[in-house]
Amino acid sequence: MSYEAVIGLEVHAQLLTATKLFCGCRAAFGAAPNANTCEVCLGMPGVLPVLNRRAVELALRAAVALDCSVHTRSQWSRKNYFYPDLPKGYQISQYDQPVATAGHLDIELEGRTRRIGITRIHLEEDAGKNVHDEAMAGRRSYVDFNRGGTPLIEIVSEPDLRSAAEAAAYMRSLRRILRYLEVCDGNMEQGSLRCDANVSIRPEGEEQLGTRTELKNINSFRFVEAALRHEIVRQTEIIGDGGEIVQETRLWDSQAKVTRSMRSKEEAHDYRYFPDPDLPDLHIESAEIDKARQSLPELPAAKSRRYVDELHLTAYDAESLTEDPGVARFFEAALLHHANAKALANWINNDLARELGGRRIDSLHVTPQSLAELVALIDRGTISGKIAKDVFAEMAATGTSPGTVVAQKGLTQVTDTALIEAAADQAIAANPAAVAQLEAGKANALGYLVGAVMKQTGGKANPKLVNEILRRKLG
Amino acid sequence: MVDWTQCTLAQLSQGLAARAVTSVQVTRDCLARIEQIRPLGAFLFVDAQGAMAQAAAADARRASGRVNGPLDGVPLALKDIFLTEGVPTTCGSKILEGFVPPYDATVVRRWKAAGAVLVGKLNMDEFAMGSSTEHSAFAPARNPWDITRVPGGSSGGSAIAVSTGAVFGTLGTDTGGSIRQPAALCGVVGLKPTYGRVSRYGVIAYASSLDQVGPLARNVTDTAMLLASIAGHDPKDSTSADRPVPSYLAELESGVRGLRIGVPKEYFVEGLDGEVGSAVEAAQKAYEKLGATLVEISLPHTAYAIATYYLIATAEASSNLARYDGVRYGLRNDPGAGLIDMYFATRGAGFGSEVKRRIMLGTYALSAGYYEAYYGRAQKVRTLIARDFSRAFEQTDILLTPTTPAPAFRLGENADDPLQMYLADIYTVSANLAGLPGLSLPCGMTRGGLPIGMQILGSHWSEATVLRVARAFEREHDFAVRRPPA
């Protein structure tokens, strides 16, 4: 029997606010332990939360981008459980009245578009982090509350995903949107984007859902597909052997590449949600919702489509350029200086991408203007594509403009036919064997002669002219 | 020579202004008085050194003509539920023994800015859970009128300190009657303002939707002055109201002529002590003589108030008290057998039996499968109770009731019967559920010499009216100036 997987994802995205959700502490990654804490986010006695409206604006932006209904009134609830990284013994979250519901996200996979339902989006505060002292052989732990109280949105999908690949595509697509909106930086390794998955399988064609497991600890982009694939195989094997799936929470072990049971349904927490009496209901004016809708930027899917339709880029190039909003911005800025979309796309997706190596594109020496200038130099025949690679390396290393590099290093392409003719004559005279081969019909011997001419001109001869001249002379 | 400790706050304020006395002199007298009343267990912490320094600073301000207002140099004290930077705050619990807060509650900041001399922290039922101050983890407090009896609670220390002349005013908190009931039992004035009138920031939470800060004082005028010193919006408390604070003194003496005073029939029923009932009825007649009209009204959901209160308050408490986990501050008992055992050992040793009882009740009320039947339904009844009051205030301006069903009971009398103690709140909890202001005013003495209090309830934000009504009675009677024998 053939089975299909049914997957729903719960994605936590850390919002790009300057401060935490309910106090004025900085919400920044990488500070010294407990540097970004105060009485409120440490859960001291007597403290009260005050909402950071900026977090609501970002949640609203995500909600309208995912076509959700945004609720003009939603409610804060307390999720109660004990853990050292949770200072108040409860997390302020939203429960039965979230800020937004009933949206969707279109994903593309192998040329097909699938619409994935978004059940809900709610706001909540993050917990701190337990740090276990390895030197003490696990006998001592510390808590770092820097992350405690930073704002998150949880985006819950419908169980509409049917494979590990679809789930990965959904995550990629969602991350791209959140980055475009400047709602979340999308960094899974640093934990600013996190994913839990509900997974079950059922016989193909069956309507009824199978027993599901919840997968946690999928803390890298690469793990989304791997963890789900493993879990689907595990469940298929159990059912294939006539077994039953146990409803439980499982952790992805990225070292062993397996999922492990964490707790069963019986051990599940009773979170005793109830409305937080310290916070009034969250009100969002409908005018604010309209404004958020109107001020949405062009989203990656639309942008990618436009690159294909209007700029005639390949789907692959368009996807690559739109993956990171900074890269798309760079591309569009360069395009204003020199309208060769195809060439700019190639440079950005290849040479510039290599140069980037994880850095932010706006931190590079190469600017949209200088890259456009480089492509223009090639297009005008001032330098060859080969020389351009050297010029690019210099630009990237020093920030010198391509025009200056070319001028300083005398890299201007030789288009003086007399000079090339002389070099061609010399090459023909010096390489009789190659000439003979060519005459015998071996066309690739021409390449050898072109190489010889280029070498003689220090690589600066216009290769098109060299070809033409050699052909004429040997024709 | 004037014994300033027997004067009112307003009198002292005038005395300080007239240079008839200095803050240092009166603070020293207060500290001596505190020493005298030590057996009553009113204080958990006396900051003698700090108080003398604050008093000296107040006198220096006055000498240089930079007085911060009527409270400048006046010795006051705080229930030990208010966080005080650098001064121990226990909330009457072992779990916070030795805890020294890193910040001041908003009302503490305001009192400091007003120049008040903060002499110490007052005894209370642990985490404000109780009506007798017997549930203090450190020592039970005693009623100054009869030391075999309780002072009421949970703000028992706050009532004793005012009643005995140890300080000129105190702050308490009132979740179900915790200001009004001890005020009644100790013979002082206590006011629970409208929910949202006073900031809760830095006040250790018991039940967040019910807790409200308020003053206890020797008379109505002092109460009005103290309310003015703490009322108003606080950006740090999202439930505090952003609306103007009226003058509480402007109309204090305007009387009650033409005012309609409602008498809820559900409050004068079986269980009400005869002497208390007569005293309140006498007060009703006194108001009629002063030109007010009495109107019998009905609050039909009164019978459900106690049950509703104990479901909501304990549910919120079970969550509010989760932070006392031994991880960051306060008591930690770690048997070295892992996290869960640390939690059990710490909370097991740190909380008293009444606190544990309420945490368990509240946890149960919020549990999956029970939430709707208990917490959900309690919220619905709460709405009905609030509606009862809205309807009543269409027919009347103010309500007059007993504060407590009986005068002060004996220590230990209700120790084995928590339900009996819960009934001591029967007349006070509704105001918390509905968020209304309520004031307890001395209105008589029992034949045995115990104070009797009556309660004046107003509509939302009507503190000025409540105080005016109280003042009209006080002017004609001398109960408020009586002092305990102690």
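Predicted model: local features only at pLDDT ≥ 70, side-chain atom pairs only at ≥ 80, totals over all residues.

The C-alpha centres of domain 1 and domain 3 of chain A lie 64 Å apart.

**Chain A: overall form**

- Chain A is divided into domain 1 (3–290), domain 2 (300–409) and domain 3 (417–474).
- The secondary structure of chain A comprises 15 helices and 16 strands.
- The radius of gyration of chain A is 29 Å, whereas a compact globule of 475 residues would have a value near 23 Å.
- Taken along the principal axes, the C-alpha atoms of chain A fill a box of roughly 90 × 55 × 55 Å.

- Two packed helices are described by the angle between their axes and by the distance between the axes.
- Helix α8 (residues 341–356) of chain A packs with helix α9 (residues 368–379) of chain A at an angle of about 115 degrees, and their axes are 10 Å apart.
- The crossing of α8(A) and α9(A) is right-handed.
- From α8(A), the residues Ala343(A), Leu344(A), Trp347(A) and Leu352(A) meet Leu371(A), Ala372(A) and Val375(A) in α9(A).
- The contact of α8(A) with α9(A) consists of 7 nonpolar residues, with no polar and no charged ones.
- Most residues other than glycine have a negative phi.
- Ala102(A), a residue other than glycine, has a positive phi, near 55 degrees, and Ala102(A) is placed in strand β6 (residues 100–109) of chain A.

**Chain B: overall form and domains**

- Chain B contains 15 helices and 11 strands.
- The radius of gyration of chain B is 21 Å, close to the 23 Å that the globule rule gives for 486 residues, so chain B is as compact as a globular protein of that length.
- The C-alpha trace of chain B spans about 65 × 55 × 45 Å along its principal axes.
- Chain B is divided into domain 1 (4–246) and domain 2 (303–376), and the centres of these domains, taken over C-alpha atoms, are separated by 27 Å.
- In the contact of the two domains of chain B, domain 1 supplies 20 residues and domain 2 supplies 18 residues.
- On the side of domain 1 of chain B that touches domain 2 of chain B, 10 residues are nonpolar, 7 are polar and 3 are charged.

**Chain B: the pair α2 and α3**

- Helix α2 (residues 23–36) and helix α3 (residues 48–63) of chain B pack at an angle of about 160 degrees, with 8 Å between their axes.
- Because of that angle, α2(B) is roughly antiparallel to α3(B).
- The crossing of α2(B) and α3(B) is right-handed.
- Helix α2(B) contributes Ser23(B), Val24(B), Thr27(B) and Leu31(B) to the contact, while α3(B) contributes Ala48(B), Ala51(B), Met52(B), Ala55(B), Ala56(B), Ala58(B) and Asp59(B).
- By class, the contact of α2(B) with α3(B) has 8 nonpolar residues, 2 polar residues and 1 charged residue.

**Chain B: the pair α7 and α15**

- Helix α7 (residues 220–230) and helix α15 (residues 463–476) of chain B pack at an angle of about 160 degrees, with their axes 9 Å apart.
- This angle makes α7(B) roughly antiparallel to α15(B).
- The crossing of α7(B) and α15(B) is left-handed.
- Val220(B), Thr221(B), Thr223(B), Ala224(B) and Leu227(B) of α7(B) meet Glu463(B), Leu467(B), Ala470(B), Arg471(B) and Glu474(B) of α15(B).
- The residues in the contact of α7(B) with α15(B) comprise 5 nonpolar, 2 polar and 3 charged.

**Chain B: a cis peptide bond**

- Most peptide bonds are trans.
- The peptide bond from Gly153(B) to Ser154(B) is cis, with omega near 10 degrees.
- Ser154(B) is placed in the loop between β3 (117–122) and α5 (156–163) of chain B.

**The contact of chain A and chain B**

- Chain B gives 32 residues to the contact, and chain A gives 26 residues.
- On the side of chain B that touches chain A, the elements that give two or more residues are α9 (305–320) and α10 (339–350) of chain B.
- The largest share of that side of chain B, 3 residues, comes from α9(B).
- The residues of the side of chain B that touches chain A divide into 17 nonpolar, 8 polar and 7 charged.

Key:
Residues numbered from 1 in each chain as written. Chains lettered and ligands numbered in written order. Contact = placed C-beta atoms within 7 Å. Helix = DSSP H or I, 4+ residues; strand = E, 2+ residues; numbered from the N terminus. Nonpolar A, V, L, I, M, F, W, Y, C, P; charged D, E, K, R; others polar. Axes fitted to C-alpha atoms, helices over the stretch in contact; angles between N-to-C directions. Parallel < 35°, antiparallel > 145°, perpendicular 65-115°, else oblique. Left-handed = near helix turned anticlockwise from the far one by under 90°. Domains from an automatic or database assignment. Rg over C-alpha atoms; globule rule 2.2 N^0.38 Å.
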